[in-house]
Amino acid sequence: MGRVRENSHTRLVRTAAAAAVGVLALAALTTGCKVERVGGAEPTAAGQPGTRPTDDAKPSGPASPSATASRTPTARPDPEPRTLMSVGDRSGRVRELQARLRQIGHFDRSPTGYYGTVTVTAVQSFQGRRGLARTGRTDAVTWERLLAMTRKPTAKELDPPVAGPAPAKLDARCLKGRVLCISKNSRTLSWVIDGRVDSTMDVRFGSQYTPTRDGVFSVYWKSRHHVSTLYDTPMPYAMFFSGGQAVHYSSDFAARGYDGASHGCVNVRDEGKIASLFAQVRDGDKVVVYW
């Protein structure tokens, strides 16, 4: 009886032990799947074993740093060369520019030192012949190319002697006293004292819409540093003779010549000559404007 109980008890112990072992085995198996899943290989695309995404597949997230670094950077345009001289400038360097352009046939007049429309056209001509952008401005590239093709101008090239214009046949009204004798036909002004021509200079007149008046007048006001109140433009060495019309120096005339016109005044091209004339003329001196 005691043996039967012992066998029964032994079977119960063994059964319980076997059950415990089964539970532990199941727990171990479940835990092992989780660890393998976390540390194992990623699933292949579309669930197909052994396949990989093609090269043209788009990434679903941001590009990695290595991929970003491998991209070719966008090329930036070269900066424009620095402008050295342009319209409105007045300097010895502009005079040198004009003299150098004249050496190679792009500037057909004496240097003035003023960067006007004639200089712009000359620079554009030079730039076009050398395959440069025809801006009309003298930038660093244009200047360096010009320096390489020319030599340093001499003093005479920078400031050549200017032959004075031939005096016009004097109007009879210019033969007595002190007279500014101005001929529209020859476009000259002669400073005449008692019938003797003291000096002659080139002049230009107003346009057809703002003509210079003909007739006999007298100087009633001199203004050395005058600026027009109507047009806000400089009128150096102004000698007024009829309303707002005056004889005065014009930098535009010096730069553009007869391509332009005044608003009715008598423009003088040579600053040295008008400065000398201004010093001699007095209020009350006669002015004769004629054809």
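Student: Is Cys174 buried or exposed?
Tutor: This is a predicted model. The relative accessibility of Cys174 is 0%. Buried means under 20%, so Cys174 counts as buried.

Student: Which residue forms a disulfide with Cys174?
Tutor: A disulfide needs two cysteine sulfur atoms within 2.5 Å. The sulfur of Cys174 has a partner sulfur 2.0 Å away. That partner belongs to Cys181.

Student: What is the handedness of the disulfide of Cys174 and Cys181?
Tutor: Look at the torsion about the S-S bond. It is about 80 degrees, so the disulfide is right-handed.

Student: Is Cys181 buried or exposed?
Tutor: Cys181 has 2% relative accessibility. The cut-off for buried is under 20%. Cys181 therefore counts as buried.

Student: How many disulfides are there by this rule?
Tutor: The rule asks for cysteine sulfur atoms within 2.5 Å. Cys174 and Cys181 form a disulfide. The count comes to one.

Student: Where is Thr233 found?
Tutor: Strand 7 covers 221–227 and strand 8 covers 234–242. Thr233 is in the loop between strand 7 and strand 8.

Student: Which residues does Thr233 touch, not counting those up to four places away in sequence?
Tutor: Contact takes heavy atoms within 4.5 Å. With residues up to four places away left out, Thr233 touches His226, Val227 and Ser228.

Student: How far apart in space are Thr233 and Ser250?
Tutor: In sequence, Thr233 and Ser250 are 17 residues apart. In space, C-alpha to C-alpha, they are apart by 9.6 Å.

Methods
Residues numbered from 1 in each chain as written. Predicted model: local features only at pLDDT ≥ 70, side-chain atom pairs only at ≥ 80, totals over all residues. Heavy atoms only, no water. Helix = DSSP H or I, 4+ residues; strand = E, 2+ residues; numbered from the N terminus. Buried < 20%, exposed > 50% of the residue type's maximum accessible area, 1.4 Å probe, protein only.
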